[in-house]
Amino acid sequence: MGCKKDDNSSTADSSTSNQSSNQSSEADSTPSTGEIATIQFYSGGVNPSQTYYDWQQEYFEENLGLRVEAIVADKEKLQPMLAAGNLPDLGKYAVDGDPTQAIEGGHVMDLTDYEDQIPNYTEKYPQSVQFSKDYKSAGTGKLYAIITQIGTYNSYPMDVGCYAANVRWDIYEKAGKPEVTDMYSYLDALKKMLEVYPETEDGQKTYAMGFYPSWDGAYMSNAGRYTSIMGISGTVVGYNQYNILEDKIMPMIEKGSYYYESLKWMSTANRMGLIDPDSMTQTYDITQAKTKESGQYLASMAGNYCDGYNTDERVNADDPSGFMPLIWDGQHPVVNGDTVIGGDTANPLFVSSTTKELDACLRFVNMMFDEDALMVMYGGPQGELWDIVDGEYVLTDAADDFRATGSHTFGTGESSSDWWGDWGLMSATKHSKYNTEFRISDSIAYTEKKIENNKIVDMYEDYYGYRRPIEVWTEKDLICYEPEWRRLIETMPSDLQDIQNNVKGVVCEYSWKIVMTAKDDAEIDSMFDEMKTQCDALGIQQIVEWGKNQIEAAKSNIGKYE
């Protein structure tokens with residue numbers, strides 16, 4: 001049985017668009033005075049420089065009567081800014097996800113009386129508005145925080161990214177395409193791959209994969225390689241994990257837990273000689289280089305990204321090489337699904353209480369949720385990479401060039417490969433009229449064109465019958481979606497954070513020892529028992545109880561926002 005996407009988490013329908021030119025539905029909100037306002041946006045801007053492009057500023061001027069000066073966020077300066085007051089017109093002013101200081105200090109505006117001026121948010125996404133009033137209002141029940149990134153995080157037109165058992169498909173075939181039916185036969189297959197490819201062409205020793213401590217926090221982050229394709233949510237709450245498939249909460253530091261099974265699997269891989277012995281000391285960047293540059297790693301899972309390896313020179317060489325995901329029944333990749341609350345709940349948007357450009361701020365906020373405007377913000381000016389022809393969305397010849405070169409030069413003379421920004425709706429959200437994603441690279445049509453001439457994909461299709469791995473997962477109903485209720489989890493109380501600060505050192509130390517030094521399963525159990533005993537003595541059960549209560553409450557309350 002596969003995992004079901006929350007039926008009530010799809011993006012709300014937007015009003016019918018009449019866009020057929022560069023004119024946006026936002027044009028009606030342009031002030032009749034002809035004056036151009038300038039607003040400052042702390043934590044605004046788009047990739048890669050966190051500013052806005054000239055073509056975006058031209059859109060703002062023409063359709064909103066304003067320009068936006070983006071101010072790069074600096075966490076170290078946020079507290080002094082809040083203490084001093086007089087904040088920039090717009091900004092992300094929550095401290096570690098908590099807006100209380102900004103609200104109680106009177107630094108941000110109560111927008112409840114202005115809801116009718118931002119209808120693209122308040123009328124189309126009432127669930128998000130209610131969440132904001134309930135969880136981001138410092139207990140006032142008022143609308144202060146605008147939650148952005150509503151809709152579809154990723155349309156997964158090709159695959160599920162790193163949340164998969166990606167392998168060097170060329171080596172897998174040379175190893176005889178050994179059958180994989182579970183996580184342990186997967187290790188057997190990797191062992192055979194190393195046997196046929198023990199070192200790179202330039203003589204460097206190969207491994208199945210390597211770990212790193214760079215991302216460790218409350219626990220060993222690399223354990224996610226196992227759980228992320230076994231239907232276990234990546235949201236750990238008070239040392240509790242949640243099984244999406246079975247709707248089950250389980251404490252992590254218990255024998256038989258998903259975390260225990262992860263460590264046991266990683267230890268097995270190490271004892272089989274599959275793991276880079278430098279794992280305990282190397283950084284994330286080094287593992288990326290060994291995956292994408294030197295080619296020393298033959299597998300890539302959660303915590304590493306292999307897409308950069310699959311260059312045209314490699315996938316279409318005389319002896320092609322490239323990564324593709326192995327898929328088997330019982331594998332359940334966990335990915336982000338749609339959200340009607342918003343993906344950026346920890347960092348919402350506020351209007352400063354000292355702004356002298358309130359109307360301009362509200363126009364800009366409303367635009368952030370406007371479908372027609374976001375076709376431009378994510379896709380570039382209409383007529384360049386995309387257009388509307390006879391009422392249908394089409395990609396232009398320039399989109400072919402963008403796909404081939406990875407860069408586009410706009411009519412303003414600016415060139416870029418990526419101009420993603422934190423807008424009101426996510427980039428993979430589909431326009432309600434044109435039924436296509438806002439960002440062109442998120443569409444199936446764009447993806448199919450991109451892999452049209454690809455020898456590695458040809459080999460993959462010969463094996464699975466599909467060119468896009470997402471089709472295999474979908475046919476088998478294997479994909480799990482992160483639950484919407486995780487957005488209702490509250491910040492851990494400070495006294496429990498103090499306990500966790502002591503516990504996490506024990507958990508990480510023992511986890512690494514289990515993975516990299518245990519000689520057999522009996523030693524794994526012995527080390528795990530020692531870890532649990534020490535964690536219990538430090539008070540971990542208080543954290544576990546809090547986390548369990550949080551999950552149960554969140555699951556009970558989520559219906560209010562569906």
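Analyst: Let's start with the rule: a salt bridge here is a side-chain nitrogen of Lys or Arg within 4 Å of a carboxyl oxygen of Asp or Glu. The model is predicted. Under this rule, Lys-92, Asp-344 and Asp-422 are linked in a network of salt bridges.

User: How many salt bridges does the rule give?

Analyst: The count comes to 25 salt bridges.

User: What makes Lys-133 and Glu-115 a salt bridge?

Analyst: Their side chains meet at 2.9 Å, N to O. The cut-off is 4 Å, so the pair qualifies. This pair links distant parts of the chain: Lys-133 is in helix H5 (residues 126-135), while Glu-115 is in the loop between helix H3 (100-104) and helix H4 (119-122), 18 residues apart. Lys-133 and Glu-115 are both buried.

User: How do you know whether Asp-276 is buried or exposed?

Analyst: Its relative accessible area is 1%. Buried means under 20%, so Asp-276 is buried. Lys-290 is buried too.

User: What makes the approach of Asp-276 to Tyr-297 a polar contact?

Analyst: The two side chains come to 2.6 Å, and the cut-off for such a pair of N or O atoms is 3.5 Å, so the distance passes. The side chain of Asp-276 also reaches the backbone nitrogen of Asp-278, at 2.9 Å.

User: Which residues is Asp-276 in contact with, leaving aside its neighbours within four places in sequence?

Analyst: Among them are Tyr-207, Met-209, Gly-210, Gln-282 and Met-516. Lys-290 and Tyr-297 belong to that list as well.

User: How do you know that Arg-468 and Glu-448 form a salt bridge?

Analyst: Their side chains meet at 3.5 Å, N to O, and that is within the 4 Å limit, so the pair counts. Arg-468 lies in the loop between helix H16 (455-464) and helix H17 (469-476), and Glu-448 lies in helix H15 (residues 444-450), so this pair ties together parts 20 residues apart in sequence.

Key: Residues numbered from 1 in each chain as written. Predicted model: local features only at pLDDT ≥ 70, side-chain atom pairs only at ≥ 80, totals over all residues. Heavy atoms only, no water. Helix = DSSP H or I, 4+ residues; strand = E, 2+ residues; numbered from the N terminus. Buried < 20%, exposed > 50% of the residue type's maximum accessible area, 1.4 Å probe, protein only. Polar contact = N/O pair within 3.5 Å; in protein donor to acceptor, adjacent residues only side chain to side chain. Contact = heavy atoms within 4.5 Å.
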